[in-house]
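Trainee: I have a structure to go through before I set up my calculations. Can we take it piece by piece?

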Amino acid sequence: MNSRLALLEGVERDISQTEVFRLALLHTVAELGGLGGAVHLRGPMSVLRLVASSGLPPIDARSWEIVDQEGTEAPSLAVRGSRRVWAPYEAPFGPDAEPWVPAASGEASRRAGTGLAAVPVPGVDRPNGALTIVTQGPQPTCEQWDFMCAVAAWVQERIAAAPAPAGRPRGDAPGAGSMRGDLRAVQVGTWDWNINTGELLWDDAAMIVYGADPDTFVPHVESWMKIVHPDDLPSTLAAIEKAIRDVTIFEAEYRVLGPDGSQVWTQTRARLVLDEDGKPYRMIGRAWESNETPAARNTLSRVLRNMSDSFLALDHEGKIVFSNLPAERTLGFTDEELSGRVLWDLPAIQQMHDLEDRCRRAAAEGAPTEFDIEGPSGRLFHLRIVPVPDGITIFGTDVTNRRKEEAARAEARLHAADRANRTADLTAALAKATTPQDVVDAVAQWVLPAFAGSSVLVFTVENGRAHIIGARGVQTNLLDDLDGRRLGARDPISEVVATGAPVFVHSLQEHQAKYPQLAVTAQASGMNAYLPLTASGHTFGVCLIAFGRRHTTLSSEENTLLTAVSALVAHAMERARLYEAEHRRSHELQSRLLPKELPRLAECTTSARYLPAGQGMEVGGDWYDVIPLSGCRVAFVIGDVMGHGLAEAAAMGQLRTAVRTLAGFELPPDEIMSHLNDTIGELGADWYATCLYALYDSTDGRCSVVSAGHPPPAIVRPDGSVHFLDLVSDPPLGAAEPPFRTTEFAVSEESLLVFYTDGLVESLQRPIDQGLSELKQLLSNTRQPDLERLSDLIMAGLLPSDRPTADDSALLVARVHTLAADRIASWSLPDEPQAASQARRHVRAQLADWGLNELSPTTELLASELVGNVVRYAKGPMQLRMLRGKDLICEVSDGSLTMPRIRHASETDEGGRGLQLVAALSQRWGTRYTMTGKWIWTAQPVSGAEAGSAESDIVAFDVDRIPPL
């Protein structure tokens with residue numbers, strides 16, 4: 001209910017009274033679920049006049065038109081008693097009415113339980129009428145009664161505020177017939193109305209004015225009320241009531257309905273006659289049609305003749321019955337020449353295509369229309385066609401200049417909108433710019449077209465010199481002349497940097513006059529704009545925009561816009577320079593953290609590539625390494641710290657250092673990965689990295705791999721077949737829980753091990769499965785013995801130069817070699833003192849077989865010391881092994897995990913000098929641990945011995961006579 005009242009309150013206050021009644025009935029019938037309804041207003045005497053109905057058949061609504069205020073009908077009771085009334089529905093009002101209730105079939109029928117609910121429409125001192133609803137079922141609820149009363153109050157409020165009839169529509173021009181002929185004589189009728197009895201007398205003139213038939217006229221006030229137009233009746237009745245209440249003159253203008261349905265505007269004026277008690281009992285007045293008098297017509301004609309716009313009145317055949325001076329000038333004829341001529345036959349009108357069709361269409365539809373049309377001499381006219389009873393009228397306004405101005409304003413708005421859009425696009429492009437050239441490209445793309453510029457050149461000023469950091473549309477030889485030149489006092493760049501204000505040079509001549517020594521900076525001819533690049537209160541550079549030959553000046557708006565653009569460019573350039581410097585430092589840091597060159601080893605041949613992310617991306621944490629180990633073994637390591645930036649690059653350096661350190665302790669791969677997991681955990685909870693550690697032993701061709709979330713390596717066998725290692729991978733470092741699982745496999749000699757980071761095979765446009773498939777295809781189709789060439793082919797195939805990447809990529813390719821069996825010698829030794837002498841004999845015999853007799857004394861002594869150390873401090877089983885590679889390696893294994901260490905022996909100590917002797921005699925020595933014990937090894941270079949050198953740094957002596965330590 002509240003929503004319906006809110007809708008009514010939201011209706012505009014200047015609607016007509018008819019619309020007020022219609023809306024009131026519409027919402028009240030819907031709210032009560034009624035069958036129909038009516039609104040009556042109190043009229044003269046003791047009658048209620050029907051002013052609006054809804055849902056009532058026309059034949060039955062007529063019986064509701066006049067209701068006696070003193071009767072027993074629901075509206076009468078509501079008005080007379082100023083109260084709510086509900087009564088069972090018996091029959092429509094009126095003595096001759098038939099019972100009516102709407103039925104589904106549309107026929108009249110009677111339905112039980114139907115009633116009438118009526119509430120009074122408030123007035124000044126008594127009800128002004130009644131709102132009645134035909135209901136179904138029992139009487140309305142309290143809420144429904146309250147709703148009806150609220151609607152009735154809304155009706156009274158709105159009809160009091162509704163505009164009174166304004167007489168005959170002012171917008172209608174006189175008809176052609178009225179302009180051509182004389183007005184008929186004005187009829188003024190008189191009438192006399194008895195207020196108490198309702199008797200109404202008209203004279204013959206009044207009969208003519210009101211269009212009544214004297215033979216059928218009933219001399220009663222109801223006869224007058226029936227012919228008044230329903231839209232005008234409420235205000236007219238209100239004026240009568242006010243005149244009676246205030247005892248004043250009654251004046252009104254309203255329409256009356258003729259027998260044929262025509263409407264005639266009439267005016268009336270009346271005075272009151274009072275009885276002995278001073279109360280009005282008669283009203284005597286005059287009535288007349290309110291058409292124009294000849295004087296009014298002449299005044300209107302003069303106004304139309306001299307108005308500034310063209311005006312024509314045509315009859316139904318298109319003949320001109322009236323024209324004014326502007327129309328005559330446009331058509332090229334006088335009033336006498338135009339009168340009676342068909343408009344469409346005039347030469348000027350024949351140039352206006354479709355005018356006749358549009359005029360005829362407007363007359364047929366009976367609705368005004370307006371449009372622009374081109375007239376004689378190329379002038380543009382705005383025509384308004386208005387149908388009138390006698391034909392049509394045509395209003396014409398010359399809008400040529402107005403349309404040109406509108407077009408110019410529209411073009412200016414479009415131009416301004418285009419510039420605003422370009423400025424928005426420039427702002428977006430500058431926000432994405434990461435290099436100074438990106439900034440210059442954004443200016444060239446979005447600023448130059450908006451100002452008809454031809455080129456852009458950006459300088460930075462350092463130590464009194466101008467350095468070019470970006471250009472577009474500038475000749476190369478000119479760039480060479482301008483870059484790095486020293487700035488003088490009279491120089492536009494110096495002025496801009498000193499003042500922070502732009503400098504505009506409007507022509508080549510002005511440039512030569514102001515700066516004769518810098519004429520080369522003027523682009524051919526035309527205008528140059530020197531815009532300051534100021535950020536953080538410091539002007540660090542100048543943006544030079546050159547314009548074409550035709551552009552010789554800039555408006556104040558363009559100057560302001562260019563100055564604003566220069567501020568955007570300055571901040572973007574400052575950000576780009578800082579970002580470029582940081583990016584450069586990041587890449588320098590990363591490149592320094594990666595291996596400068598890979599070691600040359602007998603165990604493998606390697607090649608590596610690193611490709612940073614595309615332009616605009618920060619550095620990543622991808623890395624690789626090749627670490628030579630004892631026992632002709634080598635470790636391959638590759639990893640990726642998740643994220644991009646300096647912190648990630650530094651974390652990568654920490655991991656690489658940790659791997660090399662841990663590998664130097666000869667720890668197993670799984671223990672190394674556990675220590676790396678601890679290292680990444682110390683960086684923080686949000687740090688993660690993938691890593692793969694592969695340990696290759698060239699003595700048996702086996703490889704042990706541990707992976708922490710890293711993609712598996714590809715293995716290319718000598719026959720060209722390719723497969724990815726079926727790797728047991730643990731979670732990335734930082735998320736894994738030790739112990740890590742180790743995968744061991746045999747590698748055929750001369751096979752390729754291909755390690756890589758995910759950036760090589762995965763991107764937003766390429767899932768990792770597709771990337772791995774492409775890598776496998778490249779390796780299968782490329783039998784390239786040169787690893788450097790193979791690495792280039794892999795990078796070019798997976799990461800072409802025209803496809804920027806969002807992630808760093810690392811590639812490590814290793815061709816593994818196996819140590820020949822005749823270069824490996826191994827013996828088992830007893831766990832007793834005689835083992836030292838056996839070791840010396842085995843060493844002496846094997847070195848003689850290898851032709852390395854020169855190394856025999858030193859190697860025998862080393863083997864004796866290592867075996868003696870095991871006998872004295874460790875436990876068996878014991879094994880001696882010699883490997884001949886680039887170095888001669890002598891190794892002794894035992895079953896103890898005790899780590900040997902060098903001690904400082906005193907002069908009286910019998911032992912403690914063995915490891916000192918080992919360290920002095922060997923080039924390198926160390927210890928590595930296995931699942932069952934450890935190996936102690938020494939390494940000596942063999943290059944000098946193979947050359948047959950007879951000299952030795954060790955004094956010759958009989959080692960067989962040296963007892964074990």
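Trainee: Is S82 buried, partly exposed or exposed?
Mentor: This is a predicted model. The relative accessible area of S82 is 45%. Buried needs under 20% and exposed needs over 50%, so S82 is partly exposed.

Trainee: Where does S82 sit in the chain?
Mentor: S82 follows helix α4. Its place is in the loop between α4 and β4.

Trainee: What is the phi of S82?
Mentor: Most residues other than glycine have a negative phi. S82 is not a glycine, yet its phi is positive. The value is about 50°.

Trainee: Which residues of α4 are buried?
Mentor: Helix α4 covers residues 74-81. What covers its buried residues includes β1 (36-42), β2 (47-54), β3 (66-68), β4 (85-88), β7 (114-121) and β8 (129-136). The buried residues themselves are A74, P75, S76, A78 and V79.

Trainee: E666 has a positive phi too. Is E666 buried or exposed?
Mentor: E666 is not a glycine, and its phi is about 60°. Its place is in the loop between α21 (646-664) and α22. The relative accessible area of E666 is 7%. The limit for buried is under 20%, so E666 is buried.

Trainee: Which peptide bond is cis?
Mentor: Most peptide bonds are trans. Here omega is near 5°. P739 lies in the loop between β32 (729-730) and β33 (743-746). The cis bond runs from P738 to P739.

Trainee: What is the volume of the largest cavity?
Mentor: A search of the whole structure finds four cavities of 30 Å³ or more. The largest cavity has a volume of about 160 Å³.

Trainee: Which residues are closest to the centre of the largest cavity?
Mentor: The lining has 15 residues. By class, 12 are nonpolar, three are polar and none is charged. Closest to the centre are S310, L312, I349, L383 and I394.

Trainee: Which residues lie nearest the centre of the second largest cavity?
Mentor: This cavity has a volume of about 120 Å³. Its lining divides into 12 nonpolar residues, one polar and no charged. There are 13 lining residues, and nearest the centre lie W191, W193, L200, W224 and I240.

Trainee: Which residues touch the most other members of the largest nonpolar core?
Mentor: Nonpolar side chains tend to be buried together in soluble globular proteins. The largest nonpolar core has 55 residues. Helix α5 (residues 142-161) gives the most to this core, with eight residues. The members that touch the most others are V155, W191, W202, Y210 and W224.

Trainee: Which residues does W224 contact, leaving aside its neighbours within four places in sequence?
Mentor: W224 is in the largest nonpolar core. W224 also lies among the residues nearest the centre of the second largest cavity. Its contacts are L200, W202, Y210, T236, L237, I240 and Y254.

Trainee: Now the pockets. Which element gives the most to the lining of the second largest pocket?
Mentor: The pocket has a volume of about 570 Å³. Of its 21 lining residues, the closest to the centre are R633, L695, S704, E744 and T930. Elements that give two or more residues are α22 (669-683), β28 (689-697), β29 (702-708) and β39 (924-929). With three residues, the top contributor is β29.

Trainee: Is G868 buried or exposed?
Mentor: G868 lies in helix α27 (residues 856-873). Its relative accessible area is 2%. The limit for buried is under 20%, so G868 is buried.

Trainee: How far apart in space are G868 and Q834?
Mentor: In sequence, G868 and Q834 are 34 residues apart. C-alpha to C-alpha, the distance is 9.2 Å.

Key. Residues numbered from 1 in each chain as written. Predicted model: local features only at pLDDT ≥ 70, side-chain atom pairs only at ≥ 80, totals over all residues. Heavy atoms only, no water. 1 Å grid on protein atoms, 1.4 Å probe; cavity = no way out; pocket = protein on both sides within 12 Å on 5 of 7 lines; lining within 4 Å. Points joined across faces, edges and corners; volume = space filled by probe spheres on them. Nonpolar A, V, L, I, M, F, W, Y, C, P; charged D, E, K, R; others polar. Core = buried A, V, L, I, M, F, W, Y, C linked by side-chain atoms within 4.5 Å. Buried < 20%, exposed > 50% of the residue type's maximum accessible area, 1.4 Å probe, protein only. Helix = DSSP H or I, 4+ residues; strand = E, 2+ residues; numbered from the N terminus. Contact = heavy atoms within 4.5 Å.
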